[in-house]
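Welcome! Here is a short tour for someone meeting this structure for the first time. Have a look at the sequence and the model, and then read on.

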Amino acid sequence: MSTVYGGQLDEDIRVIIDGKTVFCPRNSSILEAARIAGIEIPTLCYLKGLTPTGMCGVCAVEIENEDGTRKIRRACRYRAKDGMVIYTNSKKIDEYRKERMEKLLAIHPQDCLTCHKSNGNCKFQKVANNFADRYNLEVKSVKVPNRGTDDSSPAFVREMEKCIACGRCINVCNEVQKIKIYEMYHDKKTGDKYCRIKGGFNLKDTNCINCGQCVKVCPVGALTEKNGIVDALNAIDDPNLTVVWSMAPAIQNTLGEEFGLPTGTDVTRKIAAAMKRVGAYAYTTDFSADLTIMEEGTEFIGRVSNGGVLPMLTSCCPGWIRYMEYNYPDQLEHLSSCKSPQQMFGALVKNYLPSKINVDAKKIYHISIMPCTAKKFECQRPEMGGDYGKDVDVVLTTREVAKLFKMRGIDLATIEEEDFDSLMGCGTGAGRIFSSTGGVMEAALRTVVWKLTNGKIDTIDYVAARGYKGVKEATLNINGMDVRVAVVNGIGNVKPVMDDVRAGKSPYHFIEVMACPGGCLNGGGAPLTSEPAMIGVRMDKTYESDKNNKLRRSHENPEIQEIYKDYLGEPCGHISHHILHTTYTDRSKTVKH
Ligand code: SF4
Ligand code: SF4
Ligand code: SF4
Ligand code: FES
């Protein structure tokens with residue numbers, strides 16, 4: 001018999017799992033104790049770090065009573081107790097798990113071949129596959145309850161017939177994002193149970209910010225991003241259209257994962273090659289992230305120098321913008337007027353590029369690749385376009401573009417690297433780190449502090465902005481003035497900060513907010529992991545990519561310098577104000593619950 005130690009020994013309890021003695025922290029669940037011992041228990045509804053819902057039952061184990069008899073318990077939800085004897089394999093457990101899975105399968109649509117979540121992304125399918133041989137699963141008859149589909153959001157679709165009532169989306173929206181949209185609904189007449197929007201409303205009637213964190217954790221195809229692949233392929237195959245691709249900084253250190261490459265691998269120039277292989281102009285939004293710094297940095301310096309509204313709040317994240325429009329419509333003047341990098345890029349694609357490549361703006365189709373479901377909403381805002389149509393014609397998430405590349409026979413793991421096209425294909429390290437929480441702030445400081453001190457302070461690494469903490473802050477002495485900045489990591493941490501702003505008590509001059517915990521590297525459209533440890537690896541690799549770039553400040557980008565000389569004039573100048581800045585809308589009255 002072996003012994004495994006985990007946690008602080010003096011606070012530990014001792015349990016015996018499958019004959020193995022395990023020391024684990026006092027408040028551990030049986031599942032956590034088993035993991036310390038390296039014993040794998042299958043799970044479906046469990047999400048590490050959140051309150052276990054205990055809904056699915058596939059984590060069943062047996063615990064021994066004092067008289068030697070045993071009872072079934074759900075390992076994710078049941079606390080380990082000192083001296084407890086636990087079994088993770090037995091005939092009774094097999095029967096219990098088999099019955100639970102068969103019950104779930106008997107009311108689940110059997111359309112795995114065409115489901116958007118399949119292709120390795122459906123956890124339910126994986127568990128069912130694993131159980132199929134082991135438990136000889138049998139589904140004699142399938143009766144799918146009629147629960148309807150909510151297609152009212154531009155960001156994602158709710159196919160409620162596929163819901164297995166695991167409660168993961170509820171937990172993420174309640175406990176992480178703290179928006180609290182969903183509830184578990186129990187239809188007393190039919191006995192049916194599934195997750196719905198509180199009060200039975202549709203997404204368009206709620207204050208959902210489209211962050212997609214619920215989409216990411218849904219273990220089935222009940223929540224999926226709105227499909228953009230069909231529109232993108234139609235445009236690619238249309239000989240009358242010129243296709244332009246742009247790709248967010250976060251894509252470059254995450255897309256490789258969809259092709260089996262190690263977490264965080266930098267595949268920037270492979271993506272450029274893939275875009276060109278599909279047939280299009282290949283660009284990177286790192287460029288317009290640099291442009292954002294030029295505009296937002298200038299706006300901030302202007303506000304500080306001219307007694308403008310402070311603190312200034314960043315405006316790159318459409319989930320955060322929507323949160324402000326719903327919850328703090330009286331504070332919108334604090335938001336920077338800069339469009340997000342996606343929309344700045346789109347405005348240039350339709351207003352600047354046509355004369356450069358000699359194509360009518362109406363004949364250009366712009367595909368934006370984003371780790372973000374909220375960007376699908378953002379590109380449809382009425383102010384994001386002109387008489388030529390939309391600035392961004394379609395947004396594909398990271399997961400969608402992986403599918404599209406695969407459909408065209410492209411393997412990112414093996415494709416040879418290529419360069420981006422010129423004009424808007426160059427990005428600095430500052431542009432790249434926009435993908436991580438704190439990255440926008442750090443990129444802004446690299447340029448703002450350098451400019452305000454005429455290069456006397458040339459710090460590159462503002463490490464206080466980095467990391468996974470909910471609210472990060474720093475004070476910088478610039479020309480004798482203490483400038484206080486803060487970074488809010490995840491929308492669930494923003495309320496106290498914004499309440500202070502509303503009360504006029506905020507100590508800060510400049511605040512970055514990104515809706516997704518960890519930033520866009522953990523966006524709702526990114527490859528499916530929300531584990532902080534994995535997001536941490538993506539962050540480390542992103543800062544490595546930044547360090548490997550010869551250009552690390554946005555104002556050093558030669559194509560940025562060129563576009564101001566050739567077209568924009570100066571940051572926050574006349575043309576910039578017209579095409580790169582925007583306004584916001586009070587949406588508080590549109591919410592029905
Ligand atoms: S997209 Fe975000 S805010 Fe909307 S329901 Fe999902 S987790 Fe909640
Ligand atoms: S919608 Fe998805 S995440 Fe939410 S309860 Fe249903 S299956 Fe679970
Ligand atoms: S943090 Fe990034 S991925 Fe998440 S909603 Fe904001 S822009 Fe989108
Ligand atoms: S994983 Fe424990 S009940 Fe679902």
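A residue counts as near a molecule or strand if its C-beta atom, placed from the backbone, lies within 6 Å of it. Helices (H or I, at least four residues) and strands (E, at least two) are DSSP runs, numbered from the N terminus.

## How to read the model

This is a predicted model, in which local features need pLDDT of at least 70 and side-chain atom pairs count only at pLDDT 80 or more, while totals for chains, interfaces and linings use all residues. Residues are numbered from 1 along each chain as its sequence is written, and chains are lettered from A and ligands numbered from 1 in the order in which they are written.

## Around ligand 1

Now turn to ligand 1, whose surroundings include C173, C208, C211 and C214. Both α4 (168-176) and α5 (213-217) supply at least two residues of this shell. The shell around ligand 1 has 8 nonpolar residues, 4 polar ones and no charged ones.

## Where domains 2 and 3 touch

In contact (C-beta atoms, placed from the backbone, within 7 Å) are 15 residues of domain 2 and 16 residues of domain 3. On the domain 2 side, α5 brings the largest share, 4 residues.

Technical notes
Ala, Val, Leu, Ile, Met, Phe, Trp, Tyr, Cys and Pro count as nonpolar, Asp, Glu, Lys and Arg as charged, and the others, Gly among them, as polar. Two residues are in contact if their C-beta atoms, placed from the backbone, lie within 7 Å.
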